[in-house]
Amino acid sequence: MTVRWGLIGASTIAREWVIGAIRAAGGEVVSVMSSSPERARAYAAENGIGRSVSQVSELVSDPQIDAVYISTTNELHRDQAIAAARAGKHVLCEKPLAMSLDDAHAMAQAAKDAGVVLATNHHLRNASTHIAMRDAIASGKIGKPLAARVFHAVYLPPHLQGWRIEKPAAGGGVILDITVHDADTLRFVLGRNPVEVTAFSQSGGMGREGLEDAVMGVMRFEDGVIAQFHDAFTVKYADTGFEVHGTEGSLIARNVMTQRPIGTVILRTAEGEQELPTTDKNLYQTALEAFHAAVAGKGRPAATAEDGIWSLATGLAVVEAARGGAAVKIKTGL
């Protein structure tokens with residue numbers, strides 16, 4: 001079955017990554033919705049999409065659409081996802097799923113009630129580098145995991161700044177934009193859930209309206225594993241990376257916190273160093289293939305609604321910890 005898609009949001013991420021991934025995974029993009037009819041028409045023409053609409057209700061009522069991809073600003077996700085689910089459409093939603101845990105749970109419940117798939121677009125867990133790290137840990141290559149370190153400080157280019165640095169009500173700020181990715185990737189690689197966070201945020205000159213543009217902190221996971229993270233919109237010249245250190249070895253990954261299928265993973269043990277094999281497969285294509293399989297009843301999406309709730313809960317705890325200066329327990333309501 002060819003999954004036919006509608007896009008809720010004429011976004012940069014859809015244009016640069018998701019439309020191509022849908023098509024590469026065997027799907028078809030048939031319609032796009034933007035609140036601006038002019039933008040919707042232009043976007044459809046530029047991206048080879050047959051139809052454009054300006055209302056969510058019009059898109060989700062289209063019988064030619066099986067699934068929707070939501071890439072609007074975060075405060076809109078809940079109502080759009082619930083409307084799509086109630087119309088019988090499967091949903092792939094950008095992270096964070098919503099602005100609150102109550103809203104995220106309402107989205108998950110609506111999908112469950114309608115019998116449709118709800119997935120979170122956490123692309124990083126689909127990187128072959130992170131899959132190689134997860135598999136190495138699961139097979140005991142580094143012994144008992146003790147600590148991890150994620151550095152995901154980047155420079156947010158001008159064409160992506162906008163609401164991310166200007167609108168708290170839309171879920172702006174580096175924590176809900178980047179730290180949620182760290183949380184999901186750490187959960188995926190470590191095979192453990194975070195239980196507590198501490199953090200300090202920074203306003204380095206990019207964020208406005210009281211929004212943080214950088215954050216550093218520590219997450220404590222089940223079994224006592226601790227993970228340091230540094231996220232930023234303001235760093236122009238840093239590399240990204242991910243390390244996991246255990247009793248019998250370390251995994252050292254570089255240039256892996258990115259949308260592109262690049263980077264390396266080194267396994268370092270008493271026997272020396274070896275580079276783990278990886279592939280250059282598109283992360284979003286991997287996600288869309290898993291989503292299409294889930295729609296067909298043949299598996300689960302790469303990142304489920306539950307995964308999205310976990311990352312949101314962790315991000316919200318980081319926000320609270322940075323504001324209050326104390327450790328905050330992570331509560332998902334799951």
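Student: How far apart are the centres of domain 1 and domain 2?
Tutor: In this predicted model, the centres, taken over C-alpha atoms, are separated by 26 Å.

Student: And which residues belong to which domain?
Tutor: The domain assignment gives 4-123 + 295-300 to domain 1, while domain 2 is 125-284 + 312-329.

Student: What area do they bury between them?
Tutor: About 1900 Å², with 65% of it on carbon and sulfur atoms.

Student: Which residues of domain 1 lose the most area to domain 2?
Tutor: Those are Trp17, His122 and His123. Together they make up 42% of what the domain 1 side buries.

Student: Switching topic to helices. At what angle do H8 and H10 cross?
Tutor: Roughly 125 degrees, and their axes come within 8 Å. H8 covers residues 174-190 and H10 covers residues 305-324.

Student: Left-handed or right-handed?
Tutor: H8 passes H10 in a right-handed crossing.

Student: Which residues make that contact?
Tutor: From H8, they include Ile175, Leu176, Val180 and Arg187. On the H10 side, Asp307, Trp310, Gly315 and Val319 are among them.

Student: How do the contact residues of H8 with H10 divide by type?
Tutor: Nine are nonpolar, four polar and three charged.

Key
Residues are numbered from 1 along each chain as its sequence is written. This is a predicted model: local features need pLDDT of at least 70, side-chain atom pairs count only at pLDDT 80 or more; totals for chains, interfaces and linings use all residues. Side-chain values use heavy atoms; hydrogens and water are left out. Axes are lines fitted to C-alpha atoms, for helices over the stretch in contact, and angles run from 0 to 180 degrees between N-to-C directions. Helices (H or I, at least four residues) and strands (E, at least two) are DSSP runs, numbered from the N terminus. A crossing is left-handed if the near helix is turned anticlockwise from the far one by less than a right angle, and right-handed if clockwise. Contact means heavy atoms within 4.5 Å. Ala, Val, Leu, Ile, Met, Phe, Trp, Tyr, Cys and Pro count as nonpolar, Asp, Glu, Lys and Arg as charged, and the others, Gly among them, as polar. Domain bounds come from an automatic or database domain assignment. Buried area is the accessible area (1.4 Å probe) that two parts lose on being put together, summed over both.
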